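I opened this notebook to record what I looked up in a structure that was new to me. The entries follow the order in which I took up each topic.

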Amino acid sequence: MEFNLQPLGDNSVIIELGEDISRDIQQKVKKVSSFLEQQSFDWMVEYVPGFTTVAVFYDPCKIEAKTLPYDEVCEELSAHLEKLAVEEGAEPRIVEIPVCYGGEFGPDLEEVAERNDLTPEEVIDIHSNGEYIVYMIGFAPGFPYIGGMDERIAAPRRKNPRLKIPAGSVGIAGKQTGVYPIETPGGWQLIGKTPRKLFLPEGETPSLLQAGDQIKFVPISVEEFQSWEEKEND
Amino acid sequence: MIKITKPGLLTSVQDFGRYGFQKYGVIASGVMDSTAHRIANLLVGNDENEATLELTLLGPDMTFTEDTLISICGGNLSPSVDGKPVKLWRSVLVKAGSKLKFGGCKTGCRAYLAVAGGFDLPEVMNSKSTYIRAGIGGFNGKPLQTDDELQLGKPSEFADQITKGLAAELDGQKFAEMQWTIASEFTSTAASKPKVRVMKGRQYDWFTHESQMKLFTESFEVTSQSDRMGYRLKGPELQLEKEQEMLSEAVNFGTIQVPSEGNPIVLLADRQTTGGYPKIGQIATVDLPIMAQLKPGDKVQFTEVSHEVAQQLYLDREKQLHQLKQGISLKIKQELK
């Protein structure tokens, strides 16, 4: 695997794996991430994937080096990374996210439809039939940066951001779609809401989604939303 | 137990932070000034990572319901027990029923209050740090409020020795302080315009030559839009050579990023896990405590340091802190004889 190493401060190194957002580079990011997950170096504190990079944070005091700890970290990482290769035909994990579109859950659905000369039903149809990939988790706990939204339903951010967007809201900002894991202020156009929890602070992994996952949005009714919600809260 | 009678401006439970979960978007949190936090813990016989209270500008008022060994390090927020000033950077035994109050902020911005045995609070994702926005960690996931009651953990044997020694000196007073304190290299908080060492950031080359020069020659002011997440600075505008889109990637404690309007933001303890603004610089870890003690209106001067030197400084500082740790235990044992 081809890569570049660069410092991100005096306690971290960033592994560069490409230049632009693509499935190929995403798979390399995922490969490196799962390697770091399994290979627990003594000196590693944690790793953080980005769109085209993986940052590795380390404890410089835990490295026995004749020279700089950074040089030793680079040497050890390189020896392993050179041998890594993305397997052909590796299938992503598919995560279904049920969404109740429109109504009080999606107050901006009609505006998104009007902007694009579509009916609200057509927006739902296009949104729930897309093939989405989670490129990375960031911005907020469990918040997925999702690629793959159909540009026919793109819509600019709201001029007046809302002070409170409820957790679970599904929105559109420009050519991106996303789901809010926790209540937060924000300017996204809200088209629906999921009853599934994306941020699970008590769980073994605190995020429902992980980089590399494939997402499927499944339209549900208000009644289905309510029974899902009860199940999630059990 | 400690009972909070006035919350102060922003008082929260923090330890070194929540590591290993940034890949899930969970921010690290943790103390802003790790040196003051560590020393406060050492002075009460705690593990360096035990949670302390981080107090900001205006400290809280609190009552101790039992005799408690405490230590206050970092910025001087004018602490006093039942009206009498208490010294910073030393072990202090406070009698049951005493009231600890804080007055004006004389130096720095944040103080760390450690108690022997630490706080008896559950860890969330391996940390007691308060993550306010997600409402997790610390005391109910929130900054401390009036009437909050903090239960304390069991003090170490070393703490018990210190307590015993200081108890002998109480002599009817509300508190007794250790006569001995920490070497000034750790305790001297910020000069009027401190110098903070900065490495070139990953996108340093994207900036105009003029902006690169100005970063290291002119001074920057901390604006009122500054908090635990980051400091917005005001100074010369920093411009990119040409408009360039950046893809979000990990950021670090002390990353200096520049949004398109040109005013830099220094990312701190509550930073997001990833960022999409070009990074012009990265503060050397050893100088983060200086940055963390700056308050709105304060000025700072950045000076350039290489990545190699910054890492060497990091190792040297850890060695010093390790020696300090041994020094404290030696010194206190001598005092107690």
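Predicted model: local features only at pLDDT ≥ 70, side-chain atom pairs only at ≥ 80, totals over all residues.

**Entry 1. Domains of chain A.** I looked up the domain assignment of chain A and found domain 1 at 4–81 and domain 2 at 94–233. I then took the distance between the C-alpha centres of domain 1 of chain A and domain 2 of chain A, which is 31 Å. To their contact, domain 1 of chain A gives eight residues and domain 2 of chain A gives seven residues. I recorded a buried area of about 740 Å² between domain 1 of chain A and domain 2 of chain A, with 68% of it on carbon and sulfur atoms. I searched for salt bridges between domain 1 of chain A and domain 2 of chain A, and the count is zero.

**Entry 2. Domains of chain B.** For chain B, the domain assignment gives domain 1 as 2–186 and domain 2 as 195–305. I found the C-alpha centres of domain 1 of chain B and domain 2 of chain B to lie 30 Å apart. Their contact takes in 23 residues of domain 1 of chain B and 15 residues of domain 2 of chain B. About 1,500 Å² is buried between domain 1 of chain B and domain 2 of chain B, and carbon and sulfur atoms give 51% of this area. I noted that Gln22(B), Ile27(B) and Met32(B) supply 35% of the area that domain 1 of chain B buries against domain 2 of chain B, more than any other three residues. How many salt bridges cross the interface of domain 1 of chain B and domain 2 of chain B? I found one salt bridge there. I also recorded a salt bridge of Glu54(B) with Arg228(B), in which the closest N and O atoms are 2.9 Å apart.

**Entry 3. Chain B against chain A.** I turned to the contact between the chains, which takes 37 residues from chain B and 47 residues from chain A. The area that chain B and chain A bury between them is about 3,500 Å², with 62% of it on carbon and sulfur atoms. Of the area that chain B buries against chain A, Lys23(B), Tyr24(B) and Arg202(B) supply 21%, more than any other three residues. I counted one salt bridge between chain B and chain A. Arg202(B) forms a salt bridge with Glu16(A), and I noted 2.8 Å between the closest N and O atoms.

**Entry 4. The largest pocket.** I recorded about 1,100 Å³ of space in the largest pocket. It is lined by 42 residues, and the closest to its centre are Asp59(A), Phe16(B), Tyr19(B), Arg38(B) and Tyr314(B). Which element gives the largest share of the lining of the largest pocket? I found that H6(B) does, with six residues.

Methods. Residues numbered from 1 in each chain as written. Chains lettered and ligands numbered in written order. Heavy atoms only, no water. 1 Å grid on protein atoms, 1.4 Å probe; cavity = no way out; pocket = protein on both sides within 12 Å on 5 of 7 lines; lining within 4 Å. Points joined across faces, edges and corners; volume = space filled by probe spheres on them. Helix = DSSP H or I, 4+ residues; strand = E, 2+ residues; numbered from the N terminus. Domains from an automatic or database assignment. Contact = heavy atoms within 4.5 Å. Buried area = accessible area lost by both parts, 1.4 Å probe. Salt bridge = Lys/Arg side-chain N within 4 Å of Asp/Glu carboxyl O.
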